[in-house]
Amino acid sequence: MATETPPATAASAKGATRKGDRIFLGLSRGSGITLLAIMAAIAVFLTWRAALAIGADEANFLTSFEWDANADPPRFGIAVLAFGTVVSSVLAMVLAVPVAVGIALFISHYAPRKLAAPLGYVIDLLAAVPSIVYGLWGALFLVPHLTGLYTWMDTYLGWTGLFTYHGGAARSLFTVGILLAIMILPIVTNVSREVFRQSPKMQEEAALALGATRWEVIRMSVLPFGRSGVISASMLGLGRALGETMAVATVLSPSFLIKASLLEPGGGTFAQNIAAGFKEAGSTGRDALIASGLVLFVITLLVNGAARLIIARRKEYSGANA
Amino acid sequence: MAKRIDVSGLSAYYGSFRAIDDISMTVEPRSVTAFIGPSGCGKSTFLRTLNRMHEVTNGGRVEGKVMLDDEDLYGPGVDPVSVRRTVGMVFQRPNPFPTMSIYENVAAGLRLNGDHRKKDLDEIVERSLKGANLWNEVKDRLNRPGSGLSGGQQQRLCIARAIAVEPQVLLMDEPCSALDPISTLAIEDLIGELKSRFTIVIVTHNMQQAARVSDRTAFFNLAEVGAPGKLVEIDDTERIFSNPTVQATEDYISGRFG
Ligand SMILES: Nc1ncnc2c1ncn2[C@@H]1O[C@H](COP(=O)(O)OP(=O)(O)O)[C@@H](O)[C@H]1O
Ligand SMILES: [Mg+2]
């Protein structure tokens, strides 16, 4: 039975090869080429417009704090946007990753099955909430409720200079960081949980048999195994945070200033600035925003490259014999 | 250093399924006891009740008594974690920690027991690797990952890891079944050396191996698939292989089933 099947399928496949395969080949090759062509066209277009804008820029594009792209002559720079984007995203990652890893470990290794499944489901749901909803929640709930925390931080951490606060609405980069942390928490948790769940039982038993407690088992076998997965998950989260638009635009009160204190309103991010400025921008203004978008793209690429480097460096120890 | 194991009336369950039923036996210190029997008769399950690893599987439950000298392993207030530090285990497939170096693998159990000074650690790691007949092969690459070793070397690394914490008992669940004949011989030699220091229990599918390495042999059997496994008899290895008391043992050993 089993030995007769292959020739039969081979024969029937042969009959269909000519037409079916050729059509499919043509279709897939055609769509591949089309896709590449479209992407190339977009890249060329964006780079060209960006180059136009940067050429017309009277200020230093990388270091200037101004954004008067619609003025004549236009003067704009991305320093404030780069600072705001990086600071809020890194803050989000620092806040979210430890919590996400904790929740993921709880679901994969601590919670009884009856609790783990619904908990995982709820977190899946959270990942599907549209970002504008988070933005509205941030503006209506988070911002008014953070003033207490801010006052506390000003009292005890104010001496660092990073956390001074003089009252007013908490529409700062720090609030953006917290909101972004909440937004990326589900995706980082989900990916980490899947990684931890695949941690090889063999090594967990090895640790147990040596007399490891549950936490020691996690430290000795689950975390080392999941390390590169958690890094990937964090980078996924960071990528989301870097590009997040609506939630930031809803919460932040933007300005083209870099403040030492993260709790003071002001600053901006690439995506938020594009969303806020695109409609009213003139032709050079739009090109300037496109140029800033390309910078965001480069930053995202760099982040991903760095993550790959970190993961590759540990490859030798990655559990080849599992 | 080595302790006597005294099992009485032991049954183990997976959920409501009884995998082994009413097992009683004594394992002498400083000896090798081999468990043989057909697949699924509960050898691994029984072995894992001896260091309280059985209960980490979902639904795993144990009834009965296991005494280690005069300590009741299932007594009230006994911490399974500390039991596992006294009763070491080597698994069917070599399972060194892949993210750790050879050195760190051997030191892993010691680090769990608290902070050891670097100098002591170096000494114990060297002693354990020598004890596992692996030192000469790895002494120049202690900081390389353990997963880079051959299967047989990995298994000896796991043995070194287990004996580094100086357990009273060493349990081995088919430690050679994933290895080539030469590595198997190396492990068998090693078992012969280790029995002067530890009480050793080894599960094996290979009857020649049981005959070669063990002083005592226990034969397990099950009436049918789905029925619980039982201890048929335990006796001196020579006797089991030459003149067993029970007919089923003779049938199994002479290859009439299993
Ligand atoms: N994790 C488990 N869950 C449920 N049943 C199990 C599990 N492990 C083993 N069993 C069952 O317990 C019985 C004994 O298995 P095992 O101890 O592995 O036998 P052996 O090692 O002698 O081959 C078998 O019927 C097996 O199917
Ligand atoms: Mg088994």
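Author: The model is predicted. Between the two chains, 22 residues of chain A are in contact with 30 residues of chain B.

Reader: What area do chain A and chain B bury between them?

Author: Of the area buried between chain A and chain B, 60% is on carbon and sulfur atoms. The buried area itself is about 2,300 Å².

Reader: Which side chains meet in a salt bridge with an N to O distance of 3.5 Å?

Author: The rule finds two salt bridges across the interface of chain A and chain B. A salt bridge requires a side-chain nitrogen of Lys or Arg within 4 Å of a carboxyl oxygen of Asp or Glu, so a distance of 3.5 Å qualifies. The side chains that meet at this distance are those of A:Glu216 and B:Arg85.

Reader: How many residue pairs are in polar contact between chain A and chain B?

Author: The count takes pairs in which both residues have pLDDT 80 or more. Between chain A and chain B, the number of such pairs is four.

Reader: Which element gives the largest share of the side of chain A that touches chain B?

Author: Two helices of chain A, α7 (201-209) and α8 (214-243), each supply at least two residues of the side that touches chain B. The largest share is seven residues, and the element that gives it is α7(A).

Reader: How do the residues on the side of chain A that touches chain B divide by class?

Author: The classes are nonpolar, polar and charged. On the side of chain A that touches chain B, the residues are eleven nonpolar, six polar and five charged.

Reader: Which element gives the largest share of the shell around ligand 1?

Author: The residues that surround ligand 1 include B:Tyr14, B:Phe17, B:Gly42 and B:Lys43. By class, the shell has four nonpolar, five polar and one charged residue. The largest share, three residues, comes from α1(B).

Reader: What share of the accessible area of ligand 1 does the protein cover?

Author: Oxygen atoms of ligand 1 lie 3.4 Å from a polar backbone atom of B:Cys41 and 3.1 Å from a polar backbone atom of B:Gly42. A polar side-chain atom of B:Thr45 lies 2.4 Å from an oxygen atom of the ligand. On its own, ligand 1 has 550 Å² of accessible area, and the share that the protein covers is 61%.

Reader: How far apart in space are A:Ser108 and A:Val222?

Author: A:Ser108 is found in helix α2 (residues 79-110) of chain A, where its side chain makes a polar contact of 2.8 Å with the side chain of A:His109. Not counting residues up to four places away in sequence, A:Ser108 touches A:Arg193, A:Phe196 and A:Arg197. A:Ser108 and A:Val222 are 114 residues apart in sequence, while their C-alpha to C-alpha distance is 10 Å.

Reader: Is the peptide bond from A:Asp72 to A:Pro73 cis or trans?

Author: A:Pro73 has its place in the loop between β1 (67-68) and β2 (75-76) of chain A. Most peptide bonds are trans. The bond from A:Asp72 to A:Pro73, however, has omega near 0 degrees and is cis.

Reader: What is the value of phi in B:Asp69?

Author: B:Asp69 lies in the loop between β4 (60-68) and β5 (71-72) of chain B. Most residues other than glycine have a negative phi. B:Asp69 is a residue other than glycine, yet its phi is positive, near 50 degrees.

Methods. Residues are numbered from 1 along each chain as its sequence is written. Chains are lettered from A and ligands numbered from 1 in the order in which they are written. This is a predicted model: local features need pLDDT of at least 70, side-chain atom pairs count only at pLDDT 80 or more; totals for chains, interfaces and linings use all residues. Side-chain values use heavy atoms; hydrogens and water are left out. A residue is near a molecule or strand if one of its heavy atoms lies within 4 Å of it. A polar contact is a pair of N or O atoms within 3.5 Å; within protein, one must be able to donate a hydrogen and the other to accept it, and residues adjacent in sequence count only if both atoms are side-chain atoms. Accessible areas come from the Shrake-Rupley method with a 1.4 Å probe; for residues, only the protein chains shown count as cover. Helices (H or I, at least four residues) and strands (E, at least two) are DSSP runs, numbered from the N terminus. Ala, Val, Leu, Ile, Met, Phe, Trp, Tyr, Cys and Pro count as nonpolar, Asp, Glu, Lys and Arg as charged, and the others, Gly among them, as polar. Contact means heavy atoms within 4.5 Å. Buried area is the accessible area (1.4 Å probe) that two parts lose on being put together, summed over both.
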